[in-house]
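Good morning, and thank you for making time for this presentation.

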Amino acid sequence: MASSDPLTWKLPRLRIDRDGGWLHEGEEVSHEGILASLREGLQVDAAGHFLQIGPVRVPVEVEDAPFAVVRFEADGNGFALWLNDESREALDPGSLRLRAGDVPYCRVKDGRFEARFSRAAAWQLLQQVEAQPEGGPPTLTVGGRRYALGA
């Protein structure tokens, strides 16, 4: 018989892959309701990503970034992001960064989490980016202000 004390439970192995997909014990989580609950419950602090279930902290291994930008487009004087959780939000252009392989990342969910651009969204972003002369970092202009896509 399983213990009723949650502090003695065997914790599930949860992981988010590089495309923002959730896995439980190595198997893809595909049920939309369960995915929505997992994404809504995700938290992060200095020790890493986790779900808090009552007194129990369930660690979540994140391969790259917990969210993926699947679409990027102009929206008024700024730009909009569509994330893999089907939410839409405004881009914080100051949070844009290029990482290894020139893959763009930005902060999402009120700056709490990082999101990795999918190939399609990266291509959409790069259509809006201006190369700089003399090897400077590429820039994105938002509302008349230029933002460098630095490392």
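Helices and strands here are DSSP runs, helices being H or I of at least four residues and strands E of at least two, and both are numbered from the N terminus. This is a predicted model, in which local features need pLDDT of at least 70 and side-chain atom pairs count only at pLDDT 80 or more, while totals for chains, interfaces and linings use all residues. Residues are numbered from 1 along each chain as its sequence is written, and side-chain values use heavy atoms, with hydrogens and water left out.

Let me start with the overall picture. The protein chain has two helices and 14 strands. Its C-alpha atoms fill a box of roughly 70 × 25 × 25 Å along the principal axes. Of the 151 residues, 37% count as buried; buried means under 20% relative accessible area, exposed means over 50%, and partly exposed lies in between, using a 1.4 Å probe and protein chains only. A contact means heavy atoms within 4.5 Å. Among contacts between residues at least 6 apart in sequence, 42% join residues at least 24 apart.

I turn now to the sheets. Two strands pair if DSSP finds at least two bridges between them.

Pro59 has its place in strand S6 (residues 56–62). Is Pro59 buried, partly exposed or exposed? With 46% relative accessibility, Pro59 is counted as partly exposed. Leaving aside residues up to four places away in sequence, Pro59 touches Leu11, Leu14, His49 and Phe50. The C-alpha atoms of Pro59 and Gln43 are 9.6 Å from each other, and these residues are 16 apart along the chain. Glu25, in the loop between S2 and S3, has a positive phi of about 50 degrees although it is not a glycine. Glu25 is partly exposed, at a relative accessible area of 31%.

Another open sheet is also built from six strands, in the order S9-S8-S7-S12-S11-S10, and its pairing is mixed. Strands S9 (88–90) and S10 (97–99) stand at the edges with a single partner strand each, so one side of each has no neighbour in the sheet. From one strand to the next, the twist averages 40 degrees. Strand S7 (residues 67–75) runs parallel to S12 (residues 113–117), and three bridges join them; Ala68 has Arg116 in S12 as its bridge partner. Helix H2 (residues 119–126) lies across S7, S11 (103–108) and S12, at about 30 degrees to S7. Asp102 lies in the loop between S10 and S11. Asp102 has a positive phi of about 60 degrees although it is not a glycine, and Asp102 is exposed, with a relative accessible area of 56%.

Next comes a hairpin. S13 (residues 139–142) and S14 (residues 145–148) run antiparallel, joined by four bridges. Two residues lie between these strands, and Gly143 in the turn has a positive phi of about 55 degrees. Val142 stands opposite Arg145, while Thr141 has Arg146 as its bridge partner.

Finally, the largest pocket. On a 1 Å grid over the protein atoms alone, a pocket is an open set of points with protein on both sides within 12 Å along at least five of seven lines, and lining residues have an atom within 4 Å of a point. A volume is the space filled by probe spheres set on the points, which are joined across faces, edges and corners. The largest pocket has a volume of about 210 Å³. Which helix gives the largest share of its lining? Helix H1 (residues 32–41) does, with five residues. The lining includes Glu32, Arg39, Phe67, Asp85 and Lys109.

How values were computed:
On a 1 Å grid over the protein atoms alone, a cavity is a set of points where a 1.4 Å probe fits but cannot get out, and a pocket is an open set with protein on both sides within 12 Å along at least five of seven lines; lining residues have an atom within 4 Å of a point. Axes are lines fitted to C-alpha atoms, for helices over the stretch in contact, and angles run from 0 to 180 degrees between N-to-C directions.
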